[in-house]
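The sequence and the model are shown below.

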Amino acid sequence: MRFSGFEALFERAKSLGRAKVAVAAAADKEVLEAIKLTQEEGLITPVLVGDLEQIKRLSFKIGFSLEESDLIHEPNPLAAANKAIDAVIDGQAHFLMKGLINSADFLRAVLRPERGLRTGRLLSHLAAFQVPGFSRLIYVTDGGMNVAPDLVQKKAILQNSLFYLKGIGMDKVNVIVLAANEEVNPKIAATVDAQALAKMGQSGEFPGALVEGPLALDGAVSAVALKHKGISSQINGDVDLFLVPTIEVGNVLGKSMVYFAGATMAGIVLGAQVPIVLTSRNDTPRSKFMALTMAALNRTTS
Ligand code: COD
């Protein structure tokens, strides 16, 4: 099973009933707008942690009634992150969302050794893209958290994404380990790692996934390009998930889809005790809404 777009993801998430999200440093207009939308759609109810005076002022401004929200007053952003994480650990919320706090500070709070959300697994970022002209969602990992993963980390990043995608109902995932070309060159680590990951796939280490690489972007999305280049690929242009070599490649690939191709993007962090919504200020309300949807879907499978 594949998701044709965010609408299909949303319908599935909605069928699971409301999830509770703890929002760290929630006094942010765009974040509250996304929370308002998702609550109105019956997807979530929030625990809002932050400066209550500001949360109330902003909520009033956007017409968001706080009647169904749990409220925790904590004006300091880092302390708010810690309290939101506490709410998750204490079972008051199914997942976590970043508000008006620096991403790295927020992630460090998530990773704090005591009362953090560590599991022993590597935390990694998974983004989903609805790209005009494509009849399926395209996923990219990791363009948001791990800066320059080694082979062991790439394997863990791939496992996180496959665990998520299988958990939401995808029975077969076509994975391309992205590089700039198809030849394995010892001087280009991305190609060496890609070959190693493809071999792991062949020996059954990623059940439910077809893993190929190294492959450049054109061959991942175009059977015609593969034919021109004389490359045989079982995936044959039908990629679901890109595993990228560095954070920059993932970040640029994702933003290119958004800014050059008009794609909508949503992303979450996987590998912690619960999914984590880590949106940036530039994300559109729809993008934040869809990130909440991705996390809500994952509540029992994280
Ligand atoms: N998964 C699990 N544990 C981790 C991870 C991870 N991905 N990263 C670090 N840890 C653990 C380490 O094992 C260690 O115990 C502790 O956390 C601190 O490790 P450091 O010193 O390597 O980590 P930091 O604090 O320097 O950085 C961690 C960040 C997540 C903040 C860092 O990786 C980062 O800034 N990533 C990029 C985030 C970003 O800017 N994204 C841009 C788009 S939003």
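Pro 214 is placed in strand β8, which covers residues 209-215. The model is a predicted one, and in it the peptide bond from Gly 213 to Pro 214 is cis, with omega near 0°. A cis peptide bond also joins Thr 141 and Asp 142, where omega is about 0°. Asp 142 is found in the loop between β6 (138-141) and α6 (151-167).

Two residues call for attention on account of phi. Ala 25, although not a glycine, has a positive phi of about 60°. Asn 236, likewise a residue other than glycine, has a positive phi near 50°. Most residues other than glycine have a negative phi, and most peptide bonds are trans. The two residues are set out in the table.

| Residue | Phi | Loop | Relative accessibility |
|---|---|---|---|
| Ala 25 | about 60° | between β1 (19-24) and α2 (29-40) | 8% |

Is Ala 25 buried or exposed? With a relative accessibility of 8%, Ala 25 falls under the 20% cut-off and therefore counts as buried.

Helix α1 (residues 6-15) and helix α11 (residues 285-297) have axes that come within 9 Å and cross at roughly 45°. The two helices are therefore oblique to each other, and their crossing is left-handed. On the α1 side, the contact is made by Phe 6, Glu 7, Leu 9, Phe 10, Arg 12 and Ala 13. Helix α11 contributes Arg 286, Phe 289, Met 290, Thr 293, Met 294 and Leu 297. Classified by residue type, this contact of α1 with α11 comprises eight nonpolar, one polar and three charged residues.

At the level of the whole chain, the protein contains 11 helices and 11 strands. Its radius of gyration is 19 Å, close to the 19 Å given by the globule rule for 302 residues, so the protein is as compact as a globular protein of that length. The C-alpha trace spans about 60 × 40 × 30 Å along its principal axes. Of the 302 residues, 54% are buried. Among contacts with a separation of 6 or more, 72% are between residues 24 or more positions apart.

Technical notes:
Residues are numbered from 1 along each chain as its sequence is written. This is a predicted model: local features need pLDDT of at least 70, side-chain atom pairs count only at pLDDT 80 or more; totals for chains, interfaces and linings use all residues. Side-chain values use heavy atoms; hydrogens and water are left out. Axes are lines fitted to C-alpha atoms, for helices over the stretch in contact, and angles run from 0 to 180 degrees between N-to-C directions. Helices (H or I, at least four residues) and strands (E, at least two) are DSSP runs, numbered from the N terminus. Angles under 35 degrees count as roughly parallel, over 145 as roughly antiparallel, 65 to 115 as roughly perpendicular and the rest as oblique. A crossing is left-handed if the near helix is turned anticlockwise from the far one by less than a right angle, and right-handed if clockwise. Contact means heavy atoms within 4.5 Å. Ala, Val, Leu, Ile, Met, Phe, Trp, Tyr, Cys and Pro count as nonpolar, Asp, Glu, Lys and Arg as charged, and the others, Gly among them, as polar. Buried means under 20% relative accessible area, exposed over 50%, partly exposed in between (1.4 Å probe, protein chains only). The radius of gyration is taken over C-alpha atoms; the globule rule is 2.2 Å times the number of residues to the power 0.38.
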